[in-house]
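This report describes a single protein chain through its record annotations and a few local features. Please consult the sequence and the structure shown here while reading.

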Amino acid sequence: MIWEQGSVVIVMLTKLAENGTSLCHRYWPEEGSDLYHIYEVHLVSEHIWCDDYLVRSFYLKNLQTNETRTVTQFHFLTWPELSVPASIKALLDFRRKVNKSFRGRSCPIVVHCSDGCGRSGTYCLIDMVLNKMAKGAKEIDMAATLEHIRDQRMSMVKTKEQFQFSLAAVAEEVHAILKALPQ
């Protein structure tokens with residue numbers, strides 16, 4: 001999918017395992033290169049930005065065509081399954097880093113967690129609403145936006161707590177924008 005869609009940014013919102021349960025398959029090597037079907041993935045770098053997230057860079061090579069691509073993975077580490085992050089600020093800072101890296105590109109960002117619904121849906125909802133605001137939308141209807149993304153994939157934003165977190169994250173970002181305006 002990364003190759004097919006031309007994606008160069010991955011947002012990973014899950015640990016590989018939590019409480020002894022595997023949540024996600026490792027699709028990159030711990031070091032050096034590994035082969036995944038017809039793709040060679042080389043881990044170029046791994047930078048720990050803070051306790052909440054790290055950034056990895058991969059060099060991806062299609063062995064059938066010899067084409068190559070660099071892919072950046074933003075890995076949020078502190079979002080428990082079926083819950084919400086302890087810090088809204090940490091997630092908003094993470095989102096800013098992702099969007100700064102992605103600015104000016106036309107390919108899709110791949111967002112995933114363990115099931116592709118709860119955490120992924122919450123992140124996408126926050127990102128979609130804040131992007132609409134940045135583009136000058138006069139009205140924001142988070143429930144309608146959630147309904148729209150659930151039309152694309154059912155169960156996006158799994159819990160009431162995740163929806164409340166989304167509301168609080170958007171409110172915090174709006175507050176930060178208003179606070180930054182000249183008086």
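UniProt positions are given in the numbering used here, feature names are shortened, and annotations may be inferred rather than shown by experiment. In an unreviewed entry, UniProt gives the annotation "domain: Tyrosine-protein phosphatase" to residues 1-173, and it places the feature "domain: Tyrosine specific protein phosphatases", also from an unreviewed entry, at residues 92-164. Residues are numbered from 1 along each chain as its sequence is written. This is a predicted model, in which local features need pLDDT of at least 70 and side-chain atom pairs count only at pLDDT 80 or more, while totals for chains, interfaces and linings use all residues; side-chain values use heavy atoms, with hydrogens and water left out.

P85 sits in the loop between strand 7 (68-76) and helix 2 (88-102), and it counts as buried because its relative accessibility is 4%; buried means under 20% relative accessible area, exposed over 50%, and partly exposed in between (1.4 Å probe, protein chains only). Between P85 and D52, the separation is 33 residues in sequence and 9.2 Å in space, C-alpha to C-alpha.

D151, by contrast, belongs to helix 4 (residues 142-152) and counts as exposed because its relative accessibility is 59%.

Note on methods. Helix = DSSP H or I, 4+ residues; strand = E, 2+ residues; numbered from the N terminus.
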